[in-house]
Structures are given as structure tokens and as C-alpha cells.
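Please examine the sequence and the model shown here before reading on.

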Amino acid sequence: MELSSSIFVAGHRGLVGAAIARRLQAAGYQNLLTASRSQLDLRDAIAVDRFFAEHRPDYVFLAAAKVGGIYANDIYPADFLRDNLQIQTNVIDAAYRNGCQKLLFLGSTCIYPKFAPQPMPESCLLTGELEPTNEWYAIAKIAGIKLCQAYRKQYGFNAISLMPTNLYGPGDNFHPENSHVLPALIRRFLEAKEANQAEVVCWGTGSPRREFLYVDDLADASLFLMQTYNEPEIVNVGVGSDIAIRELAELVAQTVGYDGAIAWDTSKPDGTPRKLVDVRRLTELGWTAQTSLEQGLRQTVDWFLAHRLQEARL
């Protein structure tokens, strides 16, 4: 990939896409293609075909997706399955037909079985039942992986697939109902601190364990693999360690300066008991994450506070 190569970052306004665009710009890539949803609806096959025929990007980072937490997946299953199938099918097909040299597809570790071995190796894909609370999104992502592999097998298209663990960082979704666990906790504890609440109630038991990867580390891994990896096998991207949600809540409270009590609503679902990825394949390829959870959390809180202040001034 040359610094002058035409590179399309699909989903550049999202958490992952924005981080990839930042990383590419920092590395000196000069010819980035982006399009907002109002400019290009990736669910529209005709519009996607027209875009690729006009711009003919050399490389594609497919970071666009409909994403959300347990609540959103449960309430909008059709949206999560349909929209993600449409987005990835349209982009992968158009990229191949318009001469793209390489495409990087971003999946998710929710593709793995609910009771997968821990840490989860890439080989456990399709070996067991999915976690019901996000199976619609997972099925769409599995289809994206298989589509990349099918286009490689049938057409020789160089498409690779990365499976990032739970992500967080600048640009995350902090919606009180539709966000993932870490940004939801950040918002909840900040608002509790500001309102002088004596107690914060969190979902579940707090016992599930999760792994968290700072999104700018994922962007760095994406660039590294786009430059160096050309195989059909999927690649996990994570940090190789996890933390209990209860401990995470305590860390978030400490980071934002909340000193009240933390209670747990055990009537709410926990989700998958543990999600830790096996990162040996990526480590052997020569990449490891650099941002600690404490450092990334502090930077994410700072970004959220600055973002809220910017909105208040508008």
C-alpha cells in the first residue's frame, strides 16, 4: 500500500472508522476516500456500485456497521441482521468488481460460541451456539467473514477479516440505552457524580469478564495487517487479558471521581460469561496492543467530557 494509494474508509464517522482514518493520516496516506451516510447509504447497492465505479479505490477498510449493546440487539434484531448483511455484501462485491486490490473486513468476537474455550482461538468459529443477546449481529458478521473467504476462493479477491474484542475510545457511543458496557458505565458514573447520587445501579451480577481494546490500537493493528497479511484465516485483535465487569465499574467510578455505592440488578442479563480472545496468531505476526486499560479509560473520559462541553456551546 503506497502513500498515494486511493483508500476508502467505509464508516469513517464511527468509532472504528474514525480511528482508522486518524491512523492513516498520521502515517502519511494522502488519498483517503470517505462518505457520510447522507452522501452514501451503504445499504443501497445501486449507490454503492456508483460510488465504486466513480472512485475505484485501491484499498478498502470496511468499518461500517450497525452496532449496539445488549438492549439494542434485543429490541432491533431485524435491523441488526438486515442492515449489516446489506452493508457488507454491497461493499465487498463492489470492491471486487471495481478492481480493488485488497479489502479489510472488521468483524467482532461475538461470532464465537457462547461457551467457547477461553481464551477463544480463531478455530472455534462455528463450533457451538451463539450468545442469544447478540446472535443477530453475530450471524451477520459470520456471513461477512464467509463472503470474504468465498470471494477469495472463487475470484482470487484479497479480502482479510479481523475480529476485534470489545472496543472503546474517542468517538464512542454514550447513549444511555444503546451503548456498550464501558461507555454506558462512564456516562452513568459521571452523571451520578454530577447529581450527587448516593448509589449507581449496574446491570447483572458483575461477574462476567470482558476484554477491552483501545480503538486506536485496533486502528494500528488494521494498518499493520493491511500492509502485511494476505491469508483467508480470520485474525483476532485484542490485548490478551480481561477484567470482571464489577472491577471495571469500580475502575470507571475511580477514574471519574465517583465515591458513592455500586449496586447490581441481578434481574438483568449478564450476557456471555467470559470473552477473552486468543491473540497468539496476531502476536506471532508481530503486533501487540500498546494502550493500558487505565490509560485508555482516562483518555476516553477526557474525550467525553470535552465532547459534552462542545455540544453545550453549540
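Tyrosine 76 is located in the loop that runs between helix 3 (70–75) and helix 4. Helices (H or I, at least four residues) and strands (E, at least two) are DSSP runs, numbered from the N terminus.

Together with Tyr71, Ile75 and Trp203, Tyr76 makes up a nonpolar patch on the surface, and the accessible area of the four is about 360 Å². Such patches consist of residues with over 30% relative accessible area and no salt bridge, with nonpolar side chains (Val, Leu, Ile, Met, Phe, Trp, Tyr) joined within 5 Å and like charges within 9 Å. Accessible areas come from the Shrake-Rupley method with a 1.4 Å probe, and for residues only the protein chains shown count as cover.

## Basis of the model

This is a predicted model, in which local features need pLDDT of at least 70 and side-chain atom pairs count only at pLDDT 80 or more, while totals for chains, interfaces and linings use all residues. Residues are numbered from 1 along each chain as its sequence is written, and side-chain values use heavy atoms, with hydrogens and water left out.

## The nonpolar cores

The largest nonpolar core contains 43 residues, and Phe8, Leu42, Phe52, Leu103 and Tyr112 have the most contacts inside it. A nonpolar core is a set of buried Ala, Val, Leu, Ile, Met, Phe, Trp, Tyr and Cys residues joined through side-chain atoms within 4.5 Å. Among the elements that give two or more residues to this core are strand 1 (7–10), helix 2 (45–55), helix 4 (77–97), strand 4 (102–106) and helix 5 (135–155). Another core, of 30 residues, lies apart from it and includes Leu15, Val16, Leu104 and Phe224.

Leaving aside neighbours within four places in sequence, leucine 103 is in contact (heavy atoms within 4.5 Å) with residues including Val60, Ile92, Cys148, Ile160 and Met226.

Leucine 162 belongs to strand 5 and is buried, its relative accessible area being 0%. The C-alpha atoms of leucine 162 and alanine 221 are 9.2 Å apart, although 59 residues separate the two along the chain.

Threonine 165 is placed in the loop between strand 5 and strand 6 (166–168), and with 4% relative accessibility it is buried. Its side chain makes a polar contact of 3.3 Å with that of glutamate 211; such a contact is a pair of N or O atoms within 3.5 Å, where within protein one must be able to donate a hydrogen and the other to accept it, and residues adjacent in sequence count only if both atoms are side-chain atoms. Beyond four places in sequence, threonine 165 also touches Thr109, Phe212, Gly238 and Lys275, among others.

## Salt bridges

How many salt bridges does a search of the whole structure find? The search finds 17, a salt bridge being a side-chain nitrogen of Lys or Arg within 4 Å of a carboxyl oxygen of Asp or Glu. Arginine 97 and aspartate 93 form one at 2.7 Å, N to O; both residues lie in helix 4, four residues apart, about one turn of the helix.

Aspartate 242 and arginine 274 form another at 2.6 Å, N to O. Aspartate 242 lies in the loop between strand 10 (235–237) and strand 11 (243–244) and arginine 274 in strand 13 (residues 274–275), so this pair ties together parts that are 32 residues apart in sequence. Aspartate 242 is buried at 16%, whereas arginine 274 is partly exposed at 29%. Salt bridges with shared partners link Asp41, Arg43, Asp79, Arg82 and Asp83 into one network.

## Backbone features

Most residues other than glycine have a negative phi, and most peptide bonds are trans. The bond between glutamine 118 and proline 119 is cis, with omega about -5 degrees. Proline 119 lies in the loop between strand 4 and helix 5.

Leucine 126 is in the loop between strand 4 and helix 5 and has a positive phi of about 65 degrees. Asparagine 196 has a positive phi near 55 degrees and is exposed at 69% relative accessibility.

How values were computed. Buried means under 20% relative accessible area, exposed over 50%, partly exposed in between (1.4 Å probe, protein chains only).
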